[in-house]
Amino acid sequence: MNDLAERFGMMIHSVSILWRRTAQVGVLFLALLGSARSEEKVYSGPQAGEKTTPFKSVELRGEDAGKERDIIAEHKGAPTTLIFVHGVERSMAPVMTVLDEYGQERKDVLKTEFVFLSGDRLSSQQHLPLVGQSLRLQSPMSLSEDGVEGPGNYGLNKECLMTVIVARQNKVAANFALVQPGMADAPKIISAIAKVVGDTNPPAAEALRGRRGPGGARMEPGQPKERRRDMANRPKDNLPGAAPTDEKIVGLLRRFNPVRSR
């Protein structure tokens, strides 16, 4: 009887060891699978070498607010940064303002466009201008006429909160499909834009962020020293490009977020 019990115990022990090893292999497999998936390239929009084809959008601000636009035709092949925005979150504010700042500094040779994608046209036309105002965006803002999917000929990925397309002569030079955009993405995008405009010494992303000044106001190169000093000495609760904390601004950002609310 003791011999039988001993053999049964050994069998249980062997099964236990086998089970643990199987579980460890399973965990390792799942970890490798998750790692492989995380490294999968995300695609959104036309890729490098492909054409930027015409699409329709509606101007959101200024005297031409509400008017239909064809951005590609307007720019006539000039170096262009197309920033397609599927939804706005607080963490995106810094990279949006940095791209806007560089676009303004090189506006003599570069066209920078924010194109928003939303399924609620009326609400977006009412609230997006307020978002632009809150973030101090100076580049043109328009709303795609093709709804939340965006232009069908562009194949934009709704999982990407932002898709940045850098083009010249109506051909894509660089494409950035950003699921969760942040300041970490800014340097590589600025570098790609600089190449198409021939900027051999582009400013660092943090430098561009700083040039906005406290509260997002631009610090012009020729601005009087007194004015620059006053701006520099202002309270720094709202740093340039920082995620907004004002409840009104946060509310506006949350209101335009069709991707996360679906």
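**Entry 1: strands 6 and 7**

In what sense do strand 6 and strand 7 pair, and over how many bridges? I looked this up first: strand 6 and strand 7 (residues 171-178) pair in the antiparallel sense over seven bridges. I take two strands as paired if DSSP finds at least two bridges between them. Helices (H or I, at least four residues) and strands (E, at least two) are DSSP runs, numbered from the N terminus.

I note the ground rules here. The model is predicted, so I hold to its limits: local features need pLDDT of at least 70, side-chain atom pairs count only at pLDDT 80 or more, and totals for chains, interfaces and linings use all residues. Residues are numbered from 1 along each chain as its sequence is written, and side-chain values use heavy atoms, with hydrogens and water left out.

Strand 6 and strand 7 form a hairpin with two residues between them. V166 stands opposite A174 in strand 7. In the turn, Q169 has a positive phi of about 55°. N170, in the loop between strand 6 and strand 7, also has a positive phi, near 55°, and is not a glycine. I checked the cover of N170: the residue is partly exposed, with a relative accessible area of 28%. My cut-offs are under 20% relative accessible area for buried and over 50% for exposed, with partly exposed in between (1.4 Å probe, protein chains only).

**Entry 2: the sheet**

I counted nine helices and seven strands in the chain. The seven strands form an open sheet in the order 2-1-5-4-3-6-7, with mixed pairing. The edges are strand 2 (68-69) and strand 7, each of which pairs on one side only.

I then went through some of the pairings.

- Strand 3 and strand 6 pair in the antiparallel sense over six bridges, and V85 has M162 in strand 6 as its bridge partner.
- Strand 3 and strand 4 pair in the parallel sense over six bridges, and F84 has V115 in strand 4 as its bridge partner.
- Strand 4 (residues 111-116) and strand 5 pair in the parallel sense over three bridges, and F114 has M141 in strand 5 as its bridge partner.

I also looked at cover. In strand 6 (residues 162-168), six of the seven residues are buried. In strand 4, five of the six residues are buried.

**Entry 3: cores**

Which residues touch the most other members of the largest nonpolar core? I find M96, F116 and V164, in a core of 38 residues. Helix 5 (residues 186-197) gives the largest share of this core, eight residues. A nonpolar core is here a set of buried Ala, Val, Leu, Ile, Met, Phe, Trp, Tyr and Cys residues joined through side-chain atoms within 4.5 Å.

I listed the contacts (heavy atoms within 4.5 Å) of V164. Not counting residues up to four places away in sequence, V164 touches T81, L82, I83, L99, A174, N175, F176, L178 and I189.

**Entry 4: aromatic pairs and a charge over a ring**

I found three aromatic pairs. Rings of Phe, Tyr and Trp (its six-membered ring) pair if their centres lie within 6.5 Å; planes under 30 degrees apart count as stacked, over 60 as edge-to-face and the rest as tilted. F55 and F84 form a tilted pair, 5.6 Å centre to centre with 50° between the planes. The two are 29 residues apart: F55 is in the loop between helix 1 (2-38) and strand 1 (57-59), and F84 is in strand 3 (residues 80-85). Both F55 and F84 are buried. Ring pairs join F55, F84 and Y154 into a cluster.

I also noted that the charged end of K41 sits over the ring of Y43, 5.4 Å from its centre. The test is NZ of Lys or CZ of Arg within 6 Å of the ring centre and within 35 degrees of the ring normal.

G150 is in the loop between strand 5 (141-144) and strand 6. Is G150 buried or exposed? G150 is buried, with a relative accessible area of 4%. Leaving aside neighbours within four places in sequence, G150 is in contact with L117, S144 and L156.

K76 lies in the loop between helix 2 (71-75) and strand 3. K76 has a positive phi of about 50° and is not a glycine. At 73% relative accessibility, K76 counts as exposed.
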